[in-house]
Structures are given as structure tokens and as C-alpha cells.
Amino acid sequence: MGIVNVTPDSFSDGGRWLEHGAAIRQGLALVEEGADVLDVGGESTRPGAAPVPEDEELRRVLPVVRALAADAGVPVSIDTTKVSVAAAAIDAGASIVNDVDAGRHDDAMLATVAGAGVGYVVMHMLGTPRTMQVDPRYDDVVREVGDFLVERLDAARAAGIEEGALVADPGIGFGKTLDHNLELLTGLPELAARLDVPLLVGTSRKGFIGKLLGGASVDDREEGTLATVVWAFDRGAAIVRVHEVRAAARAARFLATLRAATPRGVAA
Ligand code: HH2
């Protein structure tokens, strides 16, 4: 899953066109690099990020979703917690809703996804982006995140979302300390065994990688990201959400080849 962020710096019309065009080109380039899904988002969920008003989020994402759904040749996912944005993006061609809120604050989200028959990613987050990194605590993070995902998947099923449409995500970095993130990455096989749906893991460029690399800046976390991508795929993740698709896609292909290798050599 390749990340396409549409968070314009400029609010002039000209600037907006430039931003839309850049995001569309970025999405098409990620498909060239091997992305199987594009995740379009217009609201940052970074710790402490301020919410984006609905009309602004719609203005940011809709032209990009429309263009990529028409031209990219892969499913387009909309990264949003707002029902109105999800519904409009589905109308514009999105076929997956990636909801970092897991439909907790608005029942209409589950009903909208069920009615449209699109895919749905439920992610674990402790609190909200504004507060989630303020002293997050768990007794057993893998068990508690698993409990949450089981509960939200059941709510999604009860709302009528088809089994084959569901994906679960432990929400790396969403209300977790460095240790919590490491425990979740270590606990992926347990989560994969417990949840009967594909697992999505998003580690790309996140803060815990910077910390583990001795304070590496956001642009300097690729090797750490790639290590977590390989780790996650090897321990039960079905999908990874990344900024740098080329490296992740090549590593995934390499892993698949290794998996297919027999003791006597590489399988044909
Ligand atoms: N992480 C971010 C956003 N959306 N969705 C899922 N399912 N899983 C994730 O781990 C996840 C997500 C992080 O978002 P943000 O901080 O805005 O940055 P970016 O979108 O560049 O990753």
C-alpha cells in the first residue's frame, strides 16, 4: 500500500492544482514501483496534529481519488475518519476505507462502508491523534490491541461488512511508546493467529524508527522502515503501508522467493 498524502501548503487555486497534480503523479509513480493499493489521505494523523475541516479534506482528496481510481489500475483507499469524506471518496471511485478510528465515533461509518460494499481497514488507536502520545499505558499491549480489533471487527460484521472486505491494523505509533511498538511488532504472529482477517502494518518513517536509529530525522528512516517491512511480512502481515514503495515491493518479492525455496534450491 503506497501512501499518497494531499496536504497542500498553498491554499490558492493555483497552488491547489499543483498539489493535486503532484499527488496524482506520485500515486501513478508508486504503482510503477509496485504498489498494489494507493492510500490517499488529506488529514495528517501525526501526534498532536490538528483536525482538518471536512470541506477542506474533501477539496484535498476528491480530485486525487477520482484521477487515481480512473487511471492507476489498482484499488484506491481513502484514509479518513469522516463518514462524509469516505462516502464522497467512494463515489469518486475509492474501493477501500482506511479508518484509523475504526468507526468508534460514528456508527454511520460502518453502515456506509457496508452499504457501498467496499473494503474496510480497522486500526487500533489509543485516544485521538491530539492526545494519543500523552503517556500511553497498557498492561499487555498485544492482548489489549487484539481485544480492541476483535471488538471492532465484530462491530463491522454486525453492521453488514462482508468478511472478505475486512483488514485489521495494530496502529503502530498511535498511542504507543517505543516499547509498545516493538512488543506489537514482536506479537504480530499472535495477532495474525487471533484475528481471522489480513493484517496491515504501518511503520513507514515513524518516530520509533528514528529513536532506534539514534534520533534519525523523518527523511533518514528508510533502512529502519525496510527492516520492519521485512519483519512484518515474515510474521504474518499481509499488507504494509509505506512511502517508499520500490524498496518495500522488491523486498517483498525477495521474501516470497525465499519462502518458495526448497532445501535443494530455489523452486521453479
Ligand atoms: N499511519 C498513518 C496514517 N494512516 N493507516 C493505517 N491503516 N495504518 C497506519 O499505521 C497509518 C494509517 C500515519 O499518518 P501520518 O502521520 O499522517 O503520516 P503518513 O500518512 O505520511 O504516514
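Q: How far from an oxygen atom of the ligand does a polar side-chain atom of Lys-206 lie?

A: A heads-up first: this is a predicted model, where local features need pLDDT of at least 70 and side-chain atom pairs count only at pLDDT 80 or more, while totals for chains, interfaces and linings use all residues. Residues are numbered from 1 along each chain as its sequence is written, and side-chain values use heavy atoms, with hydrogens and water left out. A polar contact here is a pair of N or O atoms within 3.5 Å; within protein, one must be able to donate a hydrogen and the other to accept it, and residues adjacent in sequence count only if both atoms are side-chain atoms. For Lys-206 and that ligand oxygen, the distance is 2.7 Å.

Q: How many residues surround the ligand?

A: The closest are Asn-5, Asn-98, Asp-169, Lys-206 and His-243. By type, the shell divides into 6 nonpolar, 6 polar and 5 charged residues, where Ala, Val, Leu, Ile, Met, Phe, Trp, Tyr, Cys and Pro are nonpolar, Asp, Glu, Lys and Arg are charged, and the others, Gly among them, are polar. The number of residues surrounding the ligand is 17.

Q: Which strands each supply at least two residues of the shell around the ligand?

A: Helices (H or I, at least four residues) and strands (E, at least two) are DSSP runs, numbered from the N terminus. The ones asked about span 2–5 and 119–123. They are strands E1 and E5.

Q: Is Tyr-120 buried or exposed?

A: Tyr-120 is in strand E5, and its side chain makes a polar contact with the side chain of Asp-99 at 2.6 Å. A polar atom of the Tyr-120 side chain also lies 3.1 Å from the backbone nitrogen of Gly-103. Buried means under 20% relative accessible area, exposed over 50%, and partly exposed in between (1.4 Å probe, protein chains only). Because its relative accessible area is 0%, Tyr-120 is buried.

Q: What is the relative accessible area of Ala-102, a residue with phi near 55°?

A: Most residues other than glycine have a negative phi. Ala-102 has a positive one and is found in the loop between strand E4 (96–99) and helix H4 (107–116). Ala-102 counts as buried, since its relative accessible area is 0%.

Q: Which residue's backbone nitrogen lies 3.0 Å from a polar atom of the side chain of His-180?

A: His-180 lies in helix H6, residues 178–186. At 10% relative accessibility, His-180 counts as buried. The backbone nitrogen 3.0 Å from its side chain belongs to Thr-177.

Note on methods. Near = heavy atom within 4 Å.
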